[in-house]
Amino acid sequence: MNELSNKKFSLSTAQVSSNMADEVVILNHDKGMYYGLSEVGALVWSALESGPKSFDELCELVMNEYEVDRVNCEEDIAALLDELLREKLVVDEA
């Protein structure tokens, strides 16, 4: 089991975002920085817009949408969440 499996994540209040085609553009208004998410990141972001999601829920969502094995999916989602947490765009609900 991944150490993130039982954690839930949600969008922080320090951001606003907009969908543009298959991508998402995010503004961290506390930092004044813009970020972009590609297609898979946009799928994860969209799921988080509907409410807090667990790491496992996000992985299941991505694996249902794309042909990716669990190990690679977990690594990619963990890396994405780590970056979003570091930039304070997402918060850990724990």
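Two strands are counted as paired if DSSP finds at least two bridges between them. The views below show a predicted model.

**View 1. Strands β5, β1 and β6 form an open sheet.** Strand β1, residues 8–11, is joined to β6 by 3 bridges, and the two run antiparallel. Phe9 has Asp92 of β6 as its bridge partner. The sheet holds 3 strands in the order β5-β1-β6, with antiparallel pairing. Its edge strands are β5 (53–54) and β6 (90–92), each of which pairs on one side only. Strands of a sheet pair through backbone hydrogen bonds, in either a parallel or an antiparallel arrangement.

**View 2. Helix α1 lies across the sheet strands β1, β5 and β6.** The helix spans residues 39–49. Relative to β1, helix α1 runs at about 90°.

**View 3. Gln15 is a buried residue of strand β2.** Strand β2 covers residues 15–20. The relative accessible area of Gln15 is 12%, and the residue is therefore classed as buried, the cut-off being under 20%. With neighbours within four places in sequence left aside, the contacts of Gln15 are Ile26, Leu27, Asn28, His29, Trp45 and Leu89.

**View 4. Helices α2 and α3 cross at roughly 120°.** Helix α2 comprises residues 55–65 and helix α3 residues 70–86; their axes come within 10 Å. The two helices are therefore oblique to each other, because an angle of 65 to 115 degrees would be needed to count as roughly perpendicular and one over 145 as roughly antiparallel. The crossing of α2 past α3 is right-handed. On the α2 side, the contacting residues are Phe55, Leu58, Cys59, Glu60, Val62 and Met63. They meet Arg70, Cys73, Glu74, Ile77, Ala78 and Leu81 of α3.

**View 5. Cys59 and Cys73 are among the residues where α2 meets α3.** A search of the whole structure finds 0 disulfides. For Cys59, the nearest cysteine sulfur is that of Cys73, 4.3 Å away, and Cys59 is in no disulfide. Cys73 is likewise in no disulfide, its nearest cysteine sulfur being that of Cys59. Cys59 has 0% relative accessibility and counts as buried. Cys73 is also buried, with a relative accessible area of 2%.

Methods
Residues are numbered from 1 along each chain as its sequence is written. This is a predicted model: local features need pLDDT of at least 70, side-chain atom pairs count only at pLDDT 80 or more; totals for chains, interfaces and linings use all residues. Side-chain values use heavy atoms; hydrogens and water are left out. Helices (H or I, at least four residues) and strands (E, at least two) are DSSP runs, numbered from the N terminus. Contact means heavy atoms within 4.5 Å. Axes are lines fitted to C-alpha atoms, for helices over the stretch in contact, and angles run from 0 to 180 degrees between N-to-C directions. Buried means under 20% relative accessible area, exposed over 50%, partly exposed in between (1.4 Å probe, protein chains only). A disulfide is a pair of cysteine sulfur atoms within 2.5 Å. Angles under 35 degrees count as roughly parallel, over 145 as roughly antiparallel, 65 to 115 as roughly perpendicular and the rest as oblique. A crossing is left-handed if the near helix is turned anticlockwise from the far one by less than a right angle, and right-handed if clockwise.
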